[in-house]
Each structure stands twice: as structure tokens, then as C-alpha cells.
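User: I am new to this structure and would like a close look at one part of it, namely the salt bridges. Please take the residues in turn.

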Amino acid sequence: MLFSVDSFPHLVTDDICLQFNRVWQRLAEPGYWWTARQRIAIAQAMRESRPRPVYDRQRAEPGELAHDNMAQELSPLVIDTIERVTTESGQLDKAWCKAVCAQIGEGAYAELVAIIILVLPIDRFCLAVGRALQPLPEPQAGEPLREYPEDLVDNGAWIRQTASAVANKELVNVSRAVSVCPIENGLRRDLVDAMYMEGHSFFDKLWDRKSLSRTQLEIAATRTSVINRCFYCANGHTMILDMAAKASGDPVDLAAPQGVAVSDIGVAHGELILDYTEFANREPENAYESYGQLEALLGERGAMELAAVVAIFNGLNRTSDPTGVPMEETLMAYGRLGNKTEKLGLSEMVGIHNTQRPNLWQSIWILLKFQLRRLMGQGQ
């Protein structure tokens with residue numbers, strides 16, 4: 001096995017290693033729209049992408065960039081798309097996405113995003129725990145499938161999703177984002193389950209299967225999403241954090257994960273968690289420098305859980321923004337109460353425009369219906 005618990009210098013679970021190996025195995029195979037050689041080239045281009053300095057962020061429009069569907073190497077448009085998804089996901093909009101899809105195809109775009117959001121969290125986690133990045137696999141021979149699933153539907157995002165994924169009421173919207181590529185979408189969900197928490201537990205306010213509490217993990221998830229300017233994840237996990245904090249009795253200050261200095265974060269080791277999250281996101285190549293301190297204060301398992309959450313949310317942020325998935329109406333409604341979304345500055349993010357915002361009375365009705373569904377065991 002390429003990834004094994006013995007290949008890491010610190011504690012890592014078998015489940016995480018299993019999912020990492022599954023991703024690497026799939027990466028080497030021909031995909032739905034890209035050859036194996038092109039899929040590995042996409043992953044390599046993602047690894048080489050770096051944020052542009054503020055003075056050099058003007059980019060050409062998709063229609064101005066050359067693209068050849070039959071090219072063996074990646075075209076200038078594809079390289080530009082990889083760089084934008086990797087380093088500027090919080091700045092993307094529907095018009096840009098549609099323009100790219102018009103040239104390379106909706107399926108090829110979804111698969112490109114899927115490769116990035118599978119490989120990037122694995123790379124970030126390896127950097128965090130002091131393991132060298134795994135060399136990309138050798139490509140297998142064969143041609144892409146070049147077929148769309150038969151049950152694609154418009155579910156309000158920028159790209160279509162499968163009806164079977166939409167019908168699964170245990171899934172949140174981001175869990176369906178790249179279901180136009182069912183294998184990659186399934187791998188992404190399994191990776192999230194291993195590094196964060198099973199999807200069916202998303203709306204559970206308390207978790208008892210982790211070393212860290214849900215409030216501790218949600219602070220890291222929220223801060224990561226704010227840094228990456230991902231409205232879907234930042235708003236959603238701010239509201240989940242608030243629910244979890246109230247259920248657990250932790251007096252969490254919601255301004256803290258938004259980057260506001262507060263006198264008391266309101267959760268055990270909150271300052272350490274936020275400091276690590278900031279450092280690991282701003283300087284991922286150097287994240288390992290603080291891992292020893294994490295283990296000393298959070299324990300081996302707690303440090304691993306925190307590093308895994310920060311890593312996987314870097315994938316989640318690059319899932320929701322490039323595909324334009326709308327915010328769950330329940331979490332939008334929760335944010336409307338008390339104007340939390342506006343007061344915390346979340347409404348300034350580009351991604352808010354992907355979601356219809358309910359008024360106060362609509363919000364109350366949405367939340368009442370949600371509670372009724374939960375009581376009846378009908379998912380979300």
C-alpha cells in the first residue's frame with residue numbers, strides 16, 4: 001500500500017489511509033472525460049499552482065484562451081482553470097463557470113474540479129503531519145468513458161447533479177456537487193467521512209466519536225472556510241458551530257473564527273486551534289512546525305483530527321465555490337435569525353449570490369419544517 005499507518009511519522013487512522021489509497025488508485029485510471037495521463041497532469045498542475053500577488057491578478061477570459069479537446073497535454077484554458085480553482089475558488093462566478101464549460105464540457109470541468117478536491121486535501125494532510133507528498137501514480141492505458149449519467153438534473157448549482165444523489169436526503173448539497181462523475185463524487189464523500197465526519201451526522205449537534213469536541217472542530221472548519229472566502233462552508237459551519245455551542249454549553253464567540261480578536265473564544269484550547277488553523281492555511285508547506293505543540297496539548301488523536309479537518313475543508317471549499325452549490329435553506333434561515341450572516345460579515349462573500357435568501361417569516365417556517373422532518377426521521 002502506498003499510504004499506510006507506518007508511512008506516517010505520527011498517528012493516522014487506517015480509514016484515512018484506506019481512502020487515500022483509493023484516491024491514488026482511481027487517479028491512475030482513465031476517467032469519464034480525461035485520459036489517465038491528463039488526470040495526473042491536472043493533479044500536477046494543481047500542485048504547481050500558487051496564488052498570484054495582488055498586483056498580478058488580472059486574468060484572461062475563458063474565450064480568450066486556447067483550448068483543443070484532442071490535445072494530449074493540458075491546454076492554456078485548462079491550466080488557467082486549474083489555477084483558478086486551486087488558488088481563487090472564492091472569487092469564481094457562474095458566468096465564468098459556464099464559459100469554461102462551454103469550451104471544455106460540463107463533465108470535463110466537473111472531473112477537473114473533482115481531481116483537485118481529492119488530491120489537495122491529501123497533500124495538505126501529508127504536509128501537516130510531516131510526511132513527504134506521495135509521488136503521483138503512473139497513468140494506465142485506456143480511453144475515457146465520455147458518457148454522462150442518464151439521470152442528470154438541475155438542482156440549482158452551476159453544473160448538473162444526478163437525480164439519485166439529489167434524492168438522498170441524508171446528503172448536504174456539497175455532497176452532490178460533482179455527482180456528474182459518480183466515482184469521484186463517491187470517493188470525495190468517503191474522504192470527508194474519514195477526515196471530518198459521516199454525512200448523516202452533519203446536523204447532529206454533539207459528537208461522541210472524536211477526541212475533540214464538535215465545537216473545537218467546527219471552529220477550525222469555519223476559520224478555514226473564511227480564509228478561503230467560501231460562503232457556502234463559512235456560513236454553514238458558522239451556524240453549525242452556533243448550534244453545537246448552544247447544545248454543549250460552550251460560550252463560543254462566533255466572531256473569533258471570522259478573524260476578529262476576542263478576549264475569550266469560549267472553547268477549550270480555542271486560541272491554539274485558531275492559531276494552528278491560520279498557520280496551516282496561510283503557510284501549508286510549513287504547517288508541520290507546530291504539530292508537536294498540537295500533540296502536546298490535544299493529544300495524538302486530537303492533533304490528527306484537527307489537521308485532517310483543516311485539510312479536508314480546503315477540499316470542500318474548492319468543491320462548493322467552483323460548482324455554485326446553493327446553501328441549505330435550513331442554514332440560510334438560521335443565519336437570518338438575528339441577522340447573523342450580515343453581522344459576521346459573511347454576506348460580503350461572492351458565494352452568497354448563489355443562494356436565495358429567505359425573509360424572517362420564511363426562515364421561521366423553514367426551521368419549523370426542518371425540526372419536524374428530523375423528529376420523523378426523514379433526514380434534512
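Is Arg59 buried or exposed, and what is its relative accessible area?

Analyst: Arg59 is buried, with a relative accessible area of 9%; buried means under 20% relative accessible area, exposed over 50%, and partly exposed in between, with a 1.4 Å probe and protein chains only. This is a predicted model, in which local features need pLDDT of at least 70, side-chain atom pairs count only at pLDDT 80 or more, and totals for chains, interfaces and linings use all residues. Residues are numbered from 1 along each chain as its sequence is written, and side-chain values use heavy atoms, with hydrogens and water left out.

Arg59 forms a salt bridge (a side-chain nitrogen of Lys or Arg within 4 Å of a carboxyl oxygen of Asp or Glu) with Asp80, and their closest N and O atoms are 2.6 Å apart. The pair links distant parts of the chain, 21 residues apart: Arg59 lies in the loop between helix H2 (36-48) and helix H3 (76-87), and Asp80 in helix H3. Helices are DSSP runs (H or I, at least four residues), numbered from the N terminus. Asp80 is also buried, at 8%.

The structure holds 18 salt bridges. In another of them, Asp190 meets Arg22 at 2.7 Å, N to O. This pair also joins distant parts of the chain, with Asp190 in helix H7 (residues 182-195) and Arg22 in helix H1 (residues 14-27), 168 residues apart. Asp190 is partly exposed at 26% relative accessible area, and Arg22 is partly exposed at 32%.

Methods
Helix = DSSP H or I, 4+ residues; strand = E, 2+ residues; numbered from the N terminus.
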